[in-house]
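Let's walk through this structure together, one topic at a time. Please keep the sequence and the 3D view at hand while you read.

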2 protein chains.
Amino acid sequence: MTPKIARFLAGESLPSPCLVFDVDRLEANFRNLRRALPLVQIYYAVKANPAAPVLERLSTLGSRFDAASFEEIRNCLAAGAKPADISYGNTIKKTAAIRAAYAAGVRLYAFDSAEELKKLAENAPGAQVYCRILVANEGADWPLSRKFGAEIGLARELMLRAGDLGLDPCGLSFHVGSQQTRTASYEAAIGRVAMLFTDLIEAGVNVRMLNLGGGFPVSYRESVPPIDNFATAIMDAMTAHFGNQLPEMLIEPGRCLVADAGVVASEVVLVSRRSYNDPVRWVYLDIGRFGGLAETENEAIRYRIATPHDGGPIGPVAIAGPTCDGADILYQQTPYQLPIALVAGDRILLEGTGAYVTTYASQCFNGFPPLAEHYL
Amino acid sequence: MTPKIARFLAGESLPSPCLVFDVDRLEANFRNLRRALPLVQIYYAVKANPAAPVLERLSTLGSRFDAASFEEIRNCLAAGAKPADISYGNTIKKTAAIRAAYAAGVRLYAFDSAEELKKLAENAPGAQVYCRILVANEGADWPLSRKFGAEIGLARELMLRAGDLGLDPCGLSFHVGSQQTRTASYEAAIGRVAMLFTDLIEAGVNVRMLNLGGGFPVSYRESVPPIDNFATAIMDAMTAHFGNQLPEMLIEPGRCLVADAGVVASEVVLVSRRSYNDPVRWVYLDIGRFGGLAETENEAIRYRIATPHDGGPIGPVAIAGPTCDGADILYQQTPYQLPIALVAGDRILLEGTGAYVTTYASQCFNGFPPLAEHYL
């Protein structure tokens, strides 16, 4: 938690739950990432947190933007981004959305199938397109599955076809999965894509850009390697495969820019036991899986929790959300321990919740309104 | 799909995705349930679909309401329900919400812990309270886990204590899990609770109500036993355990009243393959797990899908939502087959989506707005 957030929480009596976000921390994270990877163009993954103060600050800093939908593109433009700063990175786009993006001046699009390529050729003529390659996701806490990415052989054929369709097949991309903790995953993916890259150049394709995706991890309960480790691994792998002929490089960071800039303040609704002799207390918060903490599904993302009683004796807990849904449990397997003194009415803090929280919140499940947001 | 919905869909060019809901079908479902269980008081589980037209129709029909939050209570009152018709059925309630409900005249509250009982005694003095018992959830497609319910020994002690605290310990409740397909689960739960019921009467507690919960299943892809089977099993079990001394009986149906009254109309965004020789096509819809279809988590609820090409040749598919989230996959393990002719732009229908869809929708994940709703 940043000093600015601490002062704000101390001074305000905020309705709970809410997200409090320090935009200065976001700026520091952005500057640090640019320092670590000076040769790489940063496209902020808007989906991680699309709030206007986030997009505006990043636009001021010269960030570019990776958008998942036309709605996100519109928000980027409203925040001061130029169309040339925006990549439409979702490989699944409605025809109407492609047309709207093209009309707005966006000229860079992702694809990973013949069918999407055809839609792009028809609705975004002449645009720069890059093909997303299927790579392994081992080591990611939130893996991306086979939903996205073309296999190498298909990708090669599609990149050749893109030129025939009047598009500019400018690059390749991959994504190693979100909250990726292994530098080796980037190295392996770069090696895999580099071969295709060389092959395409030999085939006469003017491929010149490599989009390394996102996935850079942040420290939640468990600490992760610093960004510099990933930067070094990436640049070493790029140099090993491309030598002095480095292509234009892009990354799409989301989580690592915004996660630790945000804190969710939540109220304990109930602390109870299922039976007298059960050592595990159930702690129910006023935010759960359907109030924004969707990434606790399968306990994938394990947030740090601060309470007013920290330092006192602790005991094992299961932690759940406030709804009548039996699936609305945050942590039951992960061995969380919270203070014995914790009671209903206490305010607790879920740290590192600046990414992938506000937008996931259901509009009104069980009647609860979406998470309130405060940007400082 | 009902004729009214079919006519509406044929006549309108609706933005996609959207829910179309036939309130007359809801009424027919309510009347059928009341016919099947004439001795049982129906408390509609508002969380299944809290839309005003749903609450208003049910209020007109004399339904009572099971609310999960004060916001839901407020909506019931606005729809014409009287405070005496409302049960505050969530065992996890903020103190402020208990106070607001009590001030609004609500006098019936669930609990399953000593801590919640204390909150009720302090903030809803003299109220009728019922204790939720932990029962097995085998046979439920959407089980409720250990998040809710007190073990029998604890429940007995809490019911005795409720009287000491000035509350009216009027009843017991259980929940066999949602989309429960086995009548035996109700029989077992009734047997379990009946023993405690008798025990409490002998101990001098004026316990007189049994809340049998909800969970009644509907036919999605797989058909389920008709409601009459559950009604017969329940009444037989009640008679076996209570003879002529039947307590007041409540049920909290949600899904079985609203599910088949609703249809989600969705657009196919993309149909693609990961490689040329892959027999499985990926079908991407403009609605997914974060756009409302949250109950497809772990492929628990398997909706029927109708397409414009039904009747033609079919082939295996994986089905996913429109977001960049790798977890936004509806069906990958369940062997769905869809027409070979299916292409981007086709309108498809997800049937039986009148329950647990609209409220789960994220407020703006990936920039997509929540599901639009039309009530006919």
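Where is the place of A:Pro17? In chain A, A:Pro17 sits in the loop between helix H1 (3-11) and strand E1 (18-21). Helices here are DSSP runs of H or I with at least four residues, strands are runs of E with at least two, and both are numbered from the N terminus.

## Ground rules

This is a predicted model, in which local features need pLDDT of at least 70 and side-chain atom pairs count only at pLDDT 80 or more, while totals for chains, interfaces and linings use all residues. Residues are numbered from 1 along each chain as its sequence is written, chains are lettered from A and ligands numbered from 1 in the order in which they are written, and side-chain values use heavy atoms, with hydrogens and water left out.

## Backbone details

The peptide bond leading from A:Ser16 into A:Pro17 is cis, and its omega is near 0°. In chain B, B:Ser16 and B:Pro17 are likewise joined by a cis peptide bond, with omega about -5°. B:Pro17 lies in the loop between helix H1 (3-11) and strand E1 (18-21) of chain B.

Another residue to look at is B:Asn298, whose phi is near 55°, a positive value in a residue other than glycine. You will find B:Asn298 in the loop between strand E13 (281-285) and strand E14 (304-306) of chain B.

## How the two chains are related

## The interface between chain A and chain B

Taking contact as heavy atoms within 4.5 Å, 74 residues of chain A touch 74 residues of chain B. The size of an interface is often given as the accessible area lost when the parts come together. Between chain A and chain B, the buried area is about 5900 Å², and carbon and sulfur atoms give 55% of this. Buried area is the accessible area (1.4 Å probe) that two parts lose on being put together, summed over both.

There are 12 salt bridges between chain A and chain B, a salt bridge being a side-chain nitrogen of Lys or Arg within 4 Å of a carboxyl oxygen of Asp or Glu. One salt bridge joins A:Lys147 to B:Asp328, at 3.8 Å from N to O. On the side of chain A that touches chain B, at least two residues each come from helix H4 (70-78), helix H6 (114-123), helix H7 (152-164), strand E12 (262-272), strand E13 (281-285) and strand E16 (329-339) of chain A. The largest share, five residues, is supplied by E12(A). By class, this side of chain A has 31 nonpolar, 19 polar and 24 charged residues. Here Ala, Val, Leu, Ile, Met, Phe, Trp, Tyr, Cys and Pro count as nonpolar, Asp, Glu, Lys and Arg as charged, and the others, Gly among them, as polar.

## Two domains in chain A

Chain A is divided into domain 1 (50-253) and domain 2 (260-375), with bounds from an automatic or database domain assignment. Their centres, taken over C-alpha atoms, are separated by 34 Å. Domain 1 of chain A gives 11 residues to the contact and domain 2 of chain A gives 16 residues. The area buried between these domains is about 1300 Å², with 61% from carbon and sulfur atoms.

The count of salt bridges between domain 1 and domain 2 of chain A is one. A:Arg302 and A:Glu222 form a salt bridge, their closest N and O atoms being 3.3 Å apart. On the side of domain 1 of chain A that touches domain 2 of chain A, helix H3 (52-60) and strand E7 (140-142) are the elements that give two or more residues.
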